[in-house]
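Have a look at the fold, then read on.

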Amino acid sequence: MADAPTTRAPRLYDDLAAWWPLLSAPVHYLEEAHVYRSLILEACATPPRTLLELGSGGGNNASHLKLDFTMTLVDRAPAMLEVSRALNPECEHVLGDMRDVRLGRVFDAVFAHDAITYLTTLDDLARAAETAFVHCRPGGVALFAPDAIRELFREITHCGGRDGETRSLRYLQWIWDPDPTDTTYLADFAYVLREGGGEPRVEHDRHVFGLFSRAEWLQVLRDAGFVPRVVPLVHSEVEAGTIELFVASKP
Ligand SMILES: C[S@@+](CC[C@H](N)C(=O)[O-])C[C@H]1O[C@@H](n2cnc3c(N)ncnc32)[C@H](O)[C@@H]1O
């Protein structure tokens with residue numbers, strides 16, 4: 001029997017993964033990646049060289065961060081690793097889940113961008129924090145960039161997409177929370193896909209995200225052994241005060 005819509009892995013990372021570059025382009029990550037780079041550099045006791053990214057997806061952040069760091073990219077979706085390998089052939093790619101992957105070595109820094117938002121329970125968040133901790137060297141840092149925390153969550157709609165050489169994508173993303181008392185919210189996507197000048201087709205995809213308070217985030221990171229702090233994300237494509245990052249130093 002098929003999974004219920006709320007537990008199924010997003011199609012965007014599976015059968016529709018080849019469309020990812022038309023939904024999300026590396027150029028849109030340039031300014032944001034610069035912010036992450038600066039935070040990682042500032043937070044490390046000695047200059048960081050190696051960076052592990054957990055949930056690296058299509059590798060858009062990595063396409064910028066790899067200029068400053070030797071990167072290892074972990075994702076649980078084989079199709080997304082394939083997309084990222086095409087963009088970042090010089091990076092090491094590893095199939096794994098951020099809740100339990102163990103690479104048997106440490107990195108100067110660990111980074112989890114929007115992929116961390118796919119963890120929907122505090123237990124899963126704690127497992128990912130532990131993964132970050134065991135892969136981070138003492139004096140290093142783990143940077144977490146969830147799409148939302150409970151205090152700042154709001155329902156919102158985004159749209160975008162672009163044309164490739166032989167096909168085009170447009171999307172509408174509707175972020176909403178059917179039950180504000182639980183630890184999840186939803187993003188429903190409508191993708192309009194057009195190939196070779198033919199008729200567009202429409203696909204629906206539901207993404208289930210986790211929503212935790214600032215205090216819960218800080219407690220999970222402290223419990224893992226980090227010394228965490230909260231930093232607002234400031235860049236031109238983000239409305240001021242809507243996104244917070246967690247910079248977690250490993251003593
Ligand atoms: C929006 S994409 C990340 C895009 C990325 N920030 C970039 O720069 O291209 C989200 C990714 O998180 C991955 N993901 C979700 N949960 C995960 C988990 N538990 N472990 C590893 N990867 C996960 C998905 O497979 C997907 O590739």
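Q: How are helix 5 and helix 6 oriented to each other: roughly parallel, roughly perpendicular or oblique?
A: Bear in mind that this is a predicted model. Helix 5 covers residues 122-134 and helix 6 covers residues 214-224, and the two pack at an angle of about 45°. Angles under 35 degrees would count as roughly parallel and 65 to 115 as roughly perpendicular. Helix 5 and helix 6 are therefore oblique.

Q: What is the hand of the crossing where helix 5 passes helix 6?
A: The axes of these two helices sit 9 Å apart. As helix 5 passes helix 6, the crossing is right-handed.

Q: Which backbone polar atom is 2.8 Å from a ligand oxygen?
A: Take the backbone contacts in turn. Gly 59 has a polar backbone atom 3.2 Å from an oxygen of the ligand, and for Asn 60 a backbone N or O atom lies 2.9 Å from a ligand oxygen. The 2.8 Å distance goes to a polar backbone atom of Asn 61.

Q: How much of the ligand's accessible area does the protein cover?
A: On its own, the ligand has 600 Å² of accessible area.

Q: How many residues of the shell around the ligand are charged?
A: There are 23 residues around the ligand, with Asn 61, Asp 75, Met 98, His 113 and Asp 114 coming nearest. Sorted by type, the shell has nine nonpolar and nine polar residues, and the charged ones number five.

Definitions and conventions:
Residues are numbered from 1 along each chain as its sequence is written. This is a predicted model: local features need pLDDT of at least 70, side-chain atom pairs count only at pLDDT 80 or more; totals for chains, interfaces and linings use all residues. Side-chain values use heavy atoms; hydrogens and water are left out. A residue is near a molecule or strand if one of its heavy atoms lies within 4 Å of it. A polar contact is a pair of N or O atoms within 3.5 Å; within protein, one must be able to donate a hydrogen and the other to accept it, and residues adjacent in sequence count only if both atoms are side-chain atoms. Accessible areas come from the Shrake-Rupley method with a 1.4 Å probe; for residues, only the protein chains shown count as cover. Ala, Val, Leu, Ile, Met, Phe, Trp, Tyr, Cys and Pro count as nonpolar, Asp, Glu, Lys and Arg as charged, and the others, Gly among them, as polar. Axes are lines fitted to C-alpha atoms, for helices over the stretch in contact, and angles run from 0 to 180 degrees between N-to-C directions. Helices (H or I, at least four residues) and strands (E, at least two) are DSSP runs, numbered from the N terminus. Angles under 35 degrees count as roughly parallel, over 145 as roughly antiparallel, 65 to 115 as roughly perpendicular and the rest as oblique. A crossing is left-handed if the near helix is turned anticlockwise from the far one by less than a right angle, and right-handed if clockwise.
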